[in-house]
Amino acid sequence: MIYTHIIKKTKKVLSHISTVAPTAEIIGLGDLFECTISKKKAKTTRNAKLKDAAIIEEKFLDLLTFPSIIGNQEERIALVTGDQRFLQYELEKNIDHATLIHGHQIDWDESFQPTFPPIKTPLLFFGHSHEAAIYADGIRQKVPYNIPLAIGQRSYQINVGAVVDNKEWCLYDSDAMTVTFMHA
Ligand SMILES: [Mn+2]
């Protein structure tokens, strides 16, 4: 069962969130699923069976009780299967002083340097590459774990990291205007 470890990690993150921030609203940042058909093959694949395009497990679906942004994986699964359920997620979400997108909406050059899209909020949160990262006005900085970072008047672009590899998530307090990188 390939998915057992993903379910385990997702449960650990959700339980950590409920311990640390029981009243926090949870929002996923995309790529909840993984398309098992490659990017290259996906160009010509249509009407594939869902079981051939993604691993979908009831036990995992049961954990997804929160809204999410759409990721490139959901888009690819929808493309190759025609299954519209994978397009139910929002492309962008705006919350207090923050914009949420998936990282495939950012331009990445060959050395993975991002050009962020123009947004109206000081904070941009995204997921995509499985590595937490923080950019202050576009310049990458060291990720501070477990320490609330005061946003002040700056603009930050924040990759919250991945549940699947490192059980990472980010706590954003929009009243205190702090961001805390977390490891479950
Ligand atoms: Mn992605």
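**Notes on the manganese site and its surroundings**

1. Let's start at the metal. The manganese ion has four kinds of contact to look up in the viewer: its protein donors are Asp 31 (OD), Asn 72 (OD1), His 102 (NE2) and His 128 (ND1), at 2.1 to 2.2 Å from the ion. Please keep in mind that this is a predicted model.

2. Along the sequence, the donor residues of the manganese ion follow the spacing D-x40-N-x29-H-x25-H. The two histidines tie together distant parts of the chain: His 102 belongs to strand β2 (residues 98-102), while His 128, 26 residues apart from it, sits in the loop between β5 (123-127) and β6 (133-136).

3. Are these two histidines buried or partly exposed? His 102 is buried, with a relative accessible area of 1%, whereas His 128 is partly exposed at 26%. The cut-off for calling a residue buried is under 20%.

4. Helix α5 (residues 72-81) deserves a look next. Eight of its ten residues are buried, so the helix is largely enclosed by the rest of the structure. The buried set is Asn 72, Gln 73, Glu 74, Arg 76, Ile 77, Ala 78, Val 80 and Thr 81; Asn 72 is also one of the manganese donors.

5. Leaving aside neighbours within four places in sequence, Gln 157 touches Phe 116, Leu 124, Phe 126, Ala 133, Ile 134, Tyr 135, Ala 136, Asp 137 and Gly 138.

6. Now for the whole chain, which has six helices and eleven strands. Its radius of gyration is 17 Å, close to the 16 Å that the globule rule gives for 184 residues, so the chain is as compact as a globular protein of that length. The C-alpha atoms fill a box of roughly 50 × 35 × 25 Å along the principal axes.

7. Buried residues account for 43% of the 184 residues. Of the contacts between residues at least 6 apart in sequence, 64% join residues at least 24 apart.

8. Finally, the surface: the protein chain exposes about 10,600 Å², with carbon and sulfur atoms supplying 53% of it. The mean positions of its 20 positive and 22 negative charges lie 8 Å apart.

Conventions. Residues are numbered from 1 along each chain as its sequence is written. This is a predicted model: local features need pLDDT of at least 70, side-chain atom pairs count only at pLDDT 80 or more; totals for chains, interfaces and linings use all residues. Side-chain values use heavy atoms; hydrogens and water are left out. Helices (H or I, at least four residues) and strands (E, at least two) are DSSP runs, numbered from the N terminus. The radius of gyration is taken over C-alpha atoms; the globule rule is 2.2 Å times the number of residues to the power 0.38. Buried means under 20% relative accessible area, exposed over 50%, partly exposed in between (1.4 Å probe, protein chains only). Contact means heavy atoms within 4.5 Å. Accessible areas come from the Shrake-Rupley method with a 1.4 Å probe; for residues, only the protein chains shown count as cover. Lys and Arg count as positive and Asp and Glu as negative; His and the chain ends are not counted. The place of a charge is taken as NZ of Lys, CZ of Arg, CG of Asp or CD of Glu. Donors are N, O and S atoms within 2.8 Å of the metal (3.2 Å for Na, K and Ca); water is not among the atoms, so sites may look incomplete.
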